[in-house]
Amino acid sequence: MRYKYIGTIGAFLIATTCLLSGLMYYFSQDTCPMGTFLCQNTTICLPQKNWCDQEIQCPYGDDEQNCYDYHGVLDWFGSDRDSKAVKEFVCDATDVPVGCKYVMCRATCQGYSEIPRNLSSQTTSMYLDDSNIRELEKGAFANLTKLFWLAVDNNEISEFLPGHFTGLIKLESLKANKNRLTMADFSDFKGSVYLKLINLNENQLTSKGLWLSELPALNEIQLGYNHLHNLPITVLSPLTRLRSLDLEGINLDSLEKNTFNVFNMLDFIYFKKFHYCAMYTPNVKRCRPTSDGVSSLSHLLDKTLLRAAVWIISGVTCVGNVLVLWGRFTAKDENRVLTIIIRNLAVSDMLMGLYLFIVALADIIFRNNYYQTASSWMSSWFCTFLGILAMTSLEVSVLILSFMSMERYVLIAAPLKGHRTMTPQTASTSVIIIWIIGITLALAPVIRLKVIIWRSSTRFYGVNGMCFPLHIDDPFLIGWEYSAFIFLGINLMGLITIGFAYFGMFLSIWKTRHACSLSVGDSEFALRFFLIVLTDAACWAPIIVLKIRALLKYPIPGFGLSLVNKV
């Protein structure tokens, strides 16, 4: 009868967990995490770099629509200009190179490993994308003085040097994204009053390899997904009329506040993290992203469902574990070992409830003006303390459950091999050691970063507003190795150990329940403890799965980010 009662409670908990997860998914399906956008009439989130990249990836093709917006790739810029240009002159392309086609004065060449020769001097647009060009020859564009649109994206070009763009005196747009550029010197365009757009996204540029001469007409430059971490502002300072800047996928944690205020005309900027907007560009009208899936420029906990979940989970966790402690301290229980284990497990779980309660309070304090305090909050020692509190709670719970699962496995699966039941003294010593290990694991990254780089000692836990280093939205941020060691090393091994122990226990109970000296108390304890383990494991499993997906560079849906921060 007691088995049936315990089983009913377990089934209820599992059903409740599934129901809450379903509700979270339903209310989060119209959102996308930082750095992605939502496809029309779907729940598909694609990386921002896929917007207007000439490849249809959304089911309804909306990722390649409305590309006239000047924050896209500006393919419209070249397409409308040819019809106007052809009225002034006719392209004299009598000896068109093999592999090239002309439409009015627009040349499209494919399959080339170098810039084709004998192109018409009247050419206004040139498309050399998706070819196999590795390097440019100096003077290759010398006769193309009327060219205003040049696309050399999706090639293998490694460098732009002085002389490569000689002759392009009227070039207005240059697309060179998705190459292998490590050096880009634009001194050929110094003083140009025509060049307005440069796209260098998805290359291998560093701040030492990027040379931007005085370009008075340049109003948009795209530098996303390069190796320009903590980009010195002096690299961009010659661009006095810059209106649009793309720095997506670039870490800028060490820049000074209001760094980009020197660009008085800057109207749009795209960062890797939403809180950069408030920290570096408070005066820019349009700054993206506006959220990381959990926090936004206005709120620490952006969504009402997330706020409610944090309050409910923290309240239930704290009250439930207080009742457990009260019961274990007041009730007379002959099983002192179990009492010691349950008390310590309740304390460690209650620390997680306290952590969530403080985060919920911080959300109230920062409500409607989080953008003003996001950076200082995440870099504060109080945020680091919260992270240590949560990490200690998590690791102590994992270690206690793993330890107790193996101890029960030894007694139940092999009861006749002479294993002694654990004494209260041994249990007390074991949990003390577990607490020491848990606290050490939580403090280790802070101490190490403090020794290596003083200014970075709070950054491991300050990677997000929740002060918890999951490293899911940015899996290779500072301290990612330690985060992977914790979640994919210790916690995953703990989950596997617990699963192995309980599989062995229930298999043993099923085989020998009527044939050996297995007590009813041991079987009942195993079932009750299994339900405790199951609820905690239900929290670890999605974190581990999403952590693996993040390290494999698979996009994480907005629902996944919200779910992880709830559990």
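Me: Before that, what kind of model is it, and how are residues numbered?

Reply: This is a predicted model, in which local features need pLDDT of at least 70 and side-chain atom pairs count only at pLDDT 80 or more, while totals for chains, interfaces and linings use all residues. Residues are numbered from 1 along each chain as its sequence is written, and side-chain values use heavy atoms, with hydrogens and water left out.

Me: OK, helices. How do α5 and α6 pack?

Reply: Helix α5 covers residues 304–330 and helix α6 covers residues 336–366, and the two pack at an angle of about 150° with their axes 8 Å apart. Helices here are DSSP runs of H or I with at least four residues, strands are runs of E with at least two, and both are numbered from the N terminus. The axes are lines fitted to C-alpha atoms, for helices over the stretch in contact, and angles run from 0 to 180 degrees between N-to-C directions.

Me: What do you call that arrangement of α5 and α6?

Reply: The angle makes α5 and α6 roughly antiparallel to each other, a word used for angles over 145 degrees, whereas under 35 counts as roughly parallel, 65 to 115 as roughly perpendicular and the rest as oblique. The residues of their contact divide into 19 nonpolar, five polar and five charged. Here Ala, Val, Leu, Ile, Met, Phe, Trp, Tyr, Cys and Pro count as nonpolar, Asp, Glu, Lys and Arg as charged, and the others, Gly among them, as polar.

Me: And where does Ala360 sit?

Reply: Ala360 is in helix α6, and with a relative accessible area of 0% it is buried. Buried means under 20% relative accessible area, exposed means over 50% and partly exposed is in between, using a 1.4 Å probe and protein chains only. Ala360 and Val310 are 50 residues apart in sequence but 6.5 Å apart in space, C-alpha to C-alpha.

Me: Switching topic, how many aromatic pairs are there?

Reply: A search of the whole structure finds 25 aromatic pairs. Rings of Phe, Tyr and Trp (its six-membered ring) pair if their centres lie within 6.5 Å, and planes under 30 degrees apart count as stacked, over 60 as edge-to-face and the rest as tilted. Phe165 and Phe189 have ring centres 5.3 Å apart and planes at 35°, so this pair is tilted.

Me: Which parts does the pair of Phe165 and Phe189 tie together?

Reply: Phe165 lies in the loop between β7 (159–160) and β8 (173–175), and Phe189 in the loop between β9 (183–185) and β10 (197–199), so the pair ties together parts that are 24 residues apart in sequence. Phe165 counts as buried at 2% relative accessibility, and Phe189 counts as buried at 2% too. Phe460 and Tyr461 form an edge-to-face pair, 5.1 Å centre to centre with 85° between the planes, and both of these residues are buried.
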